[in-house]
Amino acid sequence: MEWSDKYRQMSVRTNADNAHDAGVALHFGAEGVGLTRTEHMFFAEDRIPAVREMIVASTAEQRKKALDKILPMQRGDFEGIFKAMKGLPVTIRLLDPPLHEFLPKEKEDIAALAETMGMTFDELNAVVVSLQEVNPMMGLRGCRLPIKYNEIAEMQTQAIIEAALNVYQETGAKVIPEIMIPLVASKSEVKYVKGIITAVADKIIAESGVELPYEVGTMIELPRAALAADRIAEEAEFFCFGTNDLTQMTWGFSRDDSGKFLGDYLDKKLLEHDPFQRLDRRGVGRLMKIAVDYGREVRPNMHMGICGEHGGDPTSIRFCHDIGLTYVSCSPFRVPIARLAAAQAAIKNPPPAERGAPGASHKKNSKARFPGTGLCLSVADGGHVRMGIDQVVQILLPLRLRRLPGPLFLAQTVPSHAGAAGAAPREYPLFYAWRREKMREVRGLRKISVPGNL
């Protein structure tokens with residue numbers, strides 16, 4: 001594993017919802033938490049009554065009263081995770097699932113709960129019915145919850161920030177919480193929820209007198225979010241790809257119901273792999289690549305990761321490396337597999353020019369990091385640049401090549417005269433028609449030499 005860590009470029013984080021899982025992942029070499037699902041904390045037996053009280057509340061004051069009961073529990077959960085990770089980054093996703101999931105469905109259970117909560121059966125049943133949705137996975141969930149009920153995001157933010165401050169004061173470990181907004185589709189959604197988060201966080205930090213940096217980012221789970229990533233990045237400080245939902249939304253497959261027909265797709269060779277197990281590069285993958293490129297146009301050092309089931313699949317990890325993600329996040333027991341797969345990906349395909357990482361400076365990789373480059377561009381004035389796949393894909397794809405020739409790096413400027421002291425660099429727009437046999441000269445480009453082994 002030390003060899004793997006020497007060669008890999010991506011960090012490996014874990015998905016952990018409690019201190020125990022975080023500790024196990026740290027033992028296996030995790031470098032932070034890429035996803036904490038706060039809803040899993042809500043189902044605990046000692047807190048589900050307060051959660052249900054919050055759901056059935058008819059006013060903001062009643063909801064806040066119920067949330068005040070949940071606050072110390074959430075804060076304690078976050079303190080445990082922060083302590084376990086010893087100052088490593090922790091990404092916490094705000095409440096995501098539809099609220100009806102916390103309520104009973106059977107009449108007998110509704111009646112029993114109504115009695116416990118001091119409500120009539122009809123009153124509680126009316127709440128249950130009102131929360132029912134035809135398509136709940138596309139209904140009132142994700143960022144729509146704090147948009148409708150600001151109090152939820154306020155309580156969770158308070159719990160996160162207070163936990164980070166408590167751990168710092170107790171242990172000296174300075175945590176940098178990464179607060180993640182789920183299921184966004186637009187910049188305006190991020191801006192609205194981020195406003196709630198920063199108002200609460202900044203007030204608590206100011207009152208504490210301690211300098212505590214934190215980040216607010218978002219999950220990229222919807223095709224529109226990927227396509228509008230440049231706008232979203234104006235507000236979001238990091239991206240994390242939730243590929244479970246992104247696969248659902250791109251394919252139109254219900255993850256919960258796909259078992260009824262995916263077997264037929266695989267048996268009849270309509271699919272090579274289950275897209276929920278292995279990342280679909282041509283569809284979901286292209287959306288991810290678009291989001292990476294758009295996001296880093298706005299924030300060049302933006303750190304980006306993946307936290308879906310694909311984060312532990314070696315083939316999917318290789319793709320994440322190829323498009324320049326900063327980290328993958330997987331279940332604790334898959335961390336060693338992810339570390340090894342990330343190293344194999346880095347050896348097989350040297351890294352793209354830049355990767356975002358929180359709090360780190362970034363420099364473009366030199367040509368030396370791209371041994372065996374597939375194509376070499378010869379420019380008319382005698383200068384040479386190496387060309388690799390990540391930066392040139394947008395040029396080669398429109399040419400409808402059957403396969404892309406070689407790994408990628410493209411220097412965008414070359415000296416005006418090779419070896420001339422003080423010569424100003426010139427940019428060469430790379431718009432050209434290329435075939436395997438010949439290259440049409442356009443804007444200073446003279447030829448492309450293609451090694452015979454391609």
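Q: Hi! Quick one to start: in β5, what is the bridge partner of Ile179?
A: That partner is Val216. Keep in mind that this is a predicted model.

Q: Thanks. And how many bridges join β4 to β5?
A: Four bridges join them, and the two strands run parallel.

Q: What does β4 pair with besides that, say on the β3 side?
A: Strand β3, residues 90-93, pairs with β4 in the parallel sense, again with four bridges. Within that pairing, Arg93 stands opposite Met180 of β4.

Q: How many residues of β4 are buried?
A: Five of its five residues are buried, so the strand, residues 177-181, counts as mostly covered.

Q: Which residues of β4 point which way?
A: Pro177, Ile179 and Ile181 point one way, while Glu178 and Met180 point the other way, and all of them are buried. As background, side chains in a regular strand alternate between the two faces of the sheet.

Q: Zooming out, in what order do the strands close into a barrel?
A: Eight strands close up in the order β1-β2-β3-β4-β5-β6-β7-β8, with parallel pairing. From one strand to the next, the twist averages 25°.

Q: What about β5 and β6, how many bridges do they pair over?
A: Three bridges, in the parallel sense, between β5 (residues 215-220) and β6 (residues 238-241).

Q: Which strands does helix α17 lie across?
A: Helix α17, residues 335-348, lies across β1 (11-15) and β8 (327-330), and runs at about 155° to β1.

Q: Let's stay with β1. Is Asn15 buried or exposed?
A: Asn15 lies in strand β1, and it counts as buried because its relative accessibility is 10%, with the cut-off for buried being under 20%.

Q: What does the side chain of Asn15 make a polar contact with?
A: With the side chain of Ser329, at 2.6 Å. Leaving out residues up to four places away in sequence, Asn15 also touches several others, including Gly34, Leu35, Arg37 and Cys307.

Q: New topic: where is Ala159 found?
A: Ala159 is in helix α9, residues 150-171. It has 0% relative accessibility, so Ala159 counts as buried.

Q: Which residues does Ala159 touch?
A: Not counting residues up to four places away in sequence, Ala159 touches Leu71, Gln74, Arg75 and Phe78. The C-alpha atoms of Ala159 and Pro72 are separated by 7.2 Å, although these residues are 87 apart along the chain.

Q: And Ile323, where is its place?
A: Ile323 sits in the loop between α16 (314-322) and β8. Ile323 is buried too, with a relative accessible area of 6%. Its C-alpha atom is separated by 8.1 Å from that of Met288, 35 residues away along the chain.

Q: Now rings. Which residues form one aromatic cluster?
A: Trp251, Phe253, Phe261 and Tyr265 do. The count of aromatic pairs comes to seven.

Q: Which ring does the charged end of Arg13 sit over?
A: The ring of Tyr327, 4.0 Å from its centre. Elsewhere, Lys174 lies over the face of Tyr168, at 5.3 Å from the ring centre.

Q: Last one: how many helices and strands are there in the protein chain?
A: There are 18 helices and 13 strands. Of the chain's 454 residues, 51% count as buried. Among contacts between residues at least 6 apart in sequence, 68% join residues at least 24 apart.

Terms used: Residues numbered from 1 in each chain as written. Predicted model: local features only at pLDDT ≥ 70, side-chain atom pairs only at ≥ 80, totals over all residues. Heavy atoms only, no water. Phe/Tyr/Trp six-rings, centres within 6.5 Å; stacked < 30°, edge-to-face > 60°. Lys NZ or Arg CZ within 6 Å of the ring centre and 35° of its normal. Pairing = 2+ DSSP bridges. Axes fitted to C-alpha atoms, helices over the stretch in contact; angles between N-to-C directions. Contact = heavy atoms within 4.5 Å. Buried < 20%, exposed > 50% of the residue type's maximum accessible area, 1.4 Å probe, protein only. Polar contact = N/O pair within 3.5 Å; in protein donor to acceptor, adjacent residues only side chain to side chain.
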